[in-house]
Amino acid sequence: MNSQQVHLASRPQGTPSKDNFELVTVALPELKEGELLVQNTWMSVDPYMRGRMIDRKSYIPPFQIGEVLEGGAIGEVTQTNNPDFPVGSKVSSMLGWRSHFVSDGTGLTLLPTTPLPEQTFLGIMGMPGMTAWTGLFRIADLQPSDTVFVSAASGAVGSIACQIAKMHGCTVIGSVGSQEKADYLLSLGVDAVINYKETEDLTQALAEVAPQGIDVYFENVGGEHLEAALNNMNDYGRIAVCGLISQYNATEPQPGPSNMAMLIIKKLKMQGFIVFDHWAHYGEYAQQMGQWIAEGKIKYEETVYQGIDQAADAFIGLFEGKNKGKMLVKL
Ligand SMILES: NC(=O)c1ccc[n+]([C@@H]2O[C@H](COP(=O)([O-])OP(=O)(O)OC[C@H]3O[C@@H](n4cnc5c(N)ncnc54)[C@H](OP(=O)(O)O)[C@@H]3O)[C@@H](O)[C@H]2O)c1
């Protein structure tokens, strides 16, 4: 059995390009006792993977040149010598960016029986959805009276954060990079949307749509977005720093916001987080989110690229705003 794999060919300098990736065919070994063969059906591409392409110490080790990339994936067991994983069972793993793999079961999770499509466990029912919920409730202490600003608001995390906050009774403002994305968010009930690519002064634009000020900023972008949010925060506001995607491809360290004094003047709290530190709460999240979806209270969107040879395009597309909702590759 062969496996098609995407390897890191070279470390991106600035925005990743296709020659940073190489599609390689690798022969897999025969199954030993206790092992199983998984055929991946879906793989996730995520902005955080850009950080793993840099050779530096972080909360997760860097990818190595010439080695297969890793990322969230859903697959089906097609051969087995392991009674815990019968043929036909569906598993999630961190062994994406490859068509097949042999495993002894370590790190594999059997998908629960659910009416939801399996790929939702890479999106709304998986890490990105859990990130939105964690940032709002466990980091920003969301209250129904809050006005919430979400950047990268039509993406996998942002679109769920907007909807959860709306459902909680909040006034929600999103920022996105196109009119189509703005329309999508308005169709979900978001109160106001800023197209940052058409906006000259983000601080002013935010003040116009949120004259009452911002209580919670769900930060996905950094840079000008953070500066504008700080300028518009209310006293005792909370900022959940989830991501800084505008800086991931920077070739030099980026300057901090020029208005950090707002943290003091407005007595703000700003906290970064990594969702995996909160995974003990995933069961609570999944139960709640499954119910919200079943009741039609939350909707999810997916942008799907077809085939492992499209994986690099899908990943690069994250930095070009090519996705609405969760960016996925169907294998
Ligand atoms: N802390 C954690 O545990 C954790 C977990 C998951 C994700 N994250 C972070 O959360 C953020 C969102 O992740 P996601 O998976 O939901 O990705 P996503 O939002 O689905 O996809 C990325 C989106 O970011 C926007 N974007 C790209 N470059 C930008 C730029 N220079 N300025 C402004 N917007 C830009 C694009 O939308 P537009 O067209 O609107 O520009 C793009 O569609 C990322 O920063 C990610 O690293 C953190």
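Student: Which helices each supply at least two residues of the shell around the ligand?
Tutor: α2 (127-139) and α3 (156-167) do. Helices here are DSSP runs of H or I with at least four residues, strands are E runs of at least two, and both are numbered from the N terminus. This is a predicted model, where local features need pLDDT of at least 70, side-chain atom pairs count only at pLDDT 80 or more, and totals for chains, interfaces and linings use all residues. Residues are numbered from 1 along each chain as its sequence is written.

Student: Which helix gives the most to that shell?
Tutor: α3, with three residues.

Student: How many residues surround the ligand, and which are the closest?
Tutor: 29 residues surround the ligand, and the closest are G155, V157, G177, G243 and G321. A residue counts as near if its C-beta atom, placed from the backbone, lies within 6 Å of the molecule.

Student: How do the shell residues divide into nonpolar, polar and charged?
Tutor: There are 16 nonpolar, 11 polar and two charged residues in the shell. Ala, Val, Leu, Ile, Met, Phe, Trp, Tyr, Cys and Pro count as nonpolar, Asp, Glu, Lys and Arg as charged, and the others, Gly among them, as polar.

Student: Where does the ligand lie relative to the domains?
Tutor: It lies between domain 1 (2-123 + 300-330) and domain 2 (127-276), because both give residues to the shell. The domain bounds come from an automatic or database domain assignment.

Student: Which way do its residues point?
Tutor: T171, I173 and S175 point one way from β9, while V172, G174 and V176 point the other way.

Student: What does β9 pair with, then?
Tutor: β8 pairs with β9 in the parallel sense over four bridges, and T147 stands opposite T171. From β8 the chain crosses through α3 to β9, and this β-α-β crossover is right-handed. That term means that, with the strands pointing away from the viewer, the path from the first strand over the helix to the second runs clockwise. β9 is also joined to the parallel strand β10 (residues 192-195) by four bridges, with N195 as the bridge partner of V176. Pairing requires at least two DSSP bridges between two strands.

Student: And which helix sits between β9 and β10 in that unit?
Tutor: Helix α4 (residues 179-187), and the β-α-β unit is right-handed.

Student: What about β11, buried or exposed?
Tutor: Six of the six residues of β11 (residues 214-219) are buried, so β11 is largely enclosed by the rest of the structure. β11 pairs with β8 (residues 147-150) in the parallel sense over three bridges, where V148 stands opposite V216. Five bridges join β11 to β12 (residues 233-241), also in parallel, and I214 stands opposite M233. The chain gets from β11 to β12 through helix α6 (residues 224-232) in a right-handed crossover.

Student: One more: where does E33 lie?
Tutor: E33 is in the loop between β2 (21-27) and β3 (36-44). E33 counts as exposed because it has 7 C-beta neighbours inside 10 Å.

Note on methods
Buried ≥ 20, exposed ≤ 12 C-beta atoms within 10 Å, placed from the backbone.
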